[in-house]
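Let's take a friendly walk through one protein model. Have the sequence and the 3D view ready, and follow along topic by topic.

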Amino acid sequence: FTVLVLNGPNLNMLGKREPTIYGKQGLTEIIAELGLKAEKMHIELKHLQSNAEHELIDAIHNGYQQVDFIIINPAAFTHTSVAIRDALLSVDIPFIEVHLSNVHAREDFRKHSYLSDVATGVICGFGAQGYTFALEAAHRYLNKGK
Ligand code: DQA
């Protein structure tokens, strides 16, 4: 199986960016660790971080019939992007929405997501571990018929 991990704007700044909220680990390290876990599950992991909405949308489109599952932290686009929602619906690939922080314990504008109601599941508040939980959930989801 192939799993695509997408990270939205400002997540390239993880480690430096508001570390009390988002943790001290950088994205490169998080994804490298996730890649090792994926390997053990015989999952091919692809990753893109982008600060540009259209690049995330293009990556979702390119996953059509190529990618079995998407793990996405849309970052601020969570709260703004009908376009990313529509892209995910257009390819009909199951996905998990991940947030490092507990978005429900923060500003009101973070409580609404354009993706949650069409996601297979949502993980938030567990820091970088959330990506691991999502990978495990994706693995189970993909192997459930076997
Ligand atoms: C985030 C939460 C979003 O509200 C915020 O805009 C981010 C990161 C998280 O991982 O906690 O950039 O998605």
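Helix α3 covers residues 53-62, and its buried residues are L56, I57, A59 and I60. Here, buried means that 20 or more other C-beta atoms lie within 10 Å of a residue's own, exposed means 12 or fewer, and partly exposed is in between, with C-beta atoms placed from the backbone. Seen down the axis of α3, these buried residues fall within an arc of 160°, so they line one face of the helix. This is a predicted model, in which local features need pLDDT of at least 70 and side-chain atom pairs count only at pLDDT 80 or more, while totals for chains, interfaces and linings use all residues. Residues are numbered from 1 along each chain as its sequence is written.

**More on helix α3**
- The arc is that of the directions from the helix axis to the C-beta atoms.
- An α-helix has 3.6 residues a turn, so residues three or four places apart point the same way.
- On the face turned away from the buried side of α3, you will find the exposed residues H54 and H61.
- The buried residues of α3 pack against β1 (2-7), β2 (44-49) and α4 (82-91).
- Helices (H or I, at least four residues) and strands (E, at least two) are DSSP runs, numbered from the N terminus.

**The annotated positions**
- UniProt lists Y22 and H99 for "active site" in an unreviewed entry; such annotations may be inferred rather than shown by experiment, and the positions are given in the numbering used here, with feature names shortened.
- Although spread over 78 residues of sequence, they cluster in space, with a largest C-alpha distance of 9.2 Å.
- Y22 is found in helix α1 (residues 19-22), and it counts as buried because it has 20 C-beta neighbours inside 10 Å.
- Leaving aside neighbours within four places in sequence, Y22 is in contact (C-beta atoms, placed from the backbone, within 7 Å) with L14, R17, L100 and S101.
- H99 lies in strand β4 (residues 95-99) and counts as buried because it has 22 C-beta neighbours inside 10 Å.
- With neighbours within four places in sequence again left aside, H99 is in contact with N73, C124 and G130.

**Where two helices meet**
- The axes of α2 (residues 27-40) and α5 (residues 129-143) come within 10 Å and cross at roughly 25°.
- That makes α2 roughly parallel to α5, a label for angles under 35 degrees.
- Axes are lines fitted to C-alpha atoms, for helices over the stretch in contact, and angles run from 0 to 180 degrees between N-to-C directions.
- At this meeting, I30, L34, K37 and A38 in α2 meet Y131, T132 and L135 in α5.

Technical notes
Two residues are in contact if their C-beta atoms, placed from the backbone, lie within 7 Å. Angles under 35 degrees count as roughly parallel, over 145 as roughly antiparallel, 65 to 115 as roughly perpendicular and the rest as oblique.
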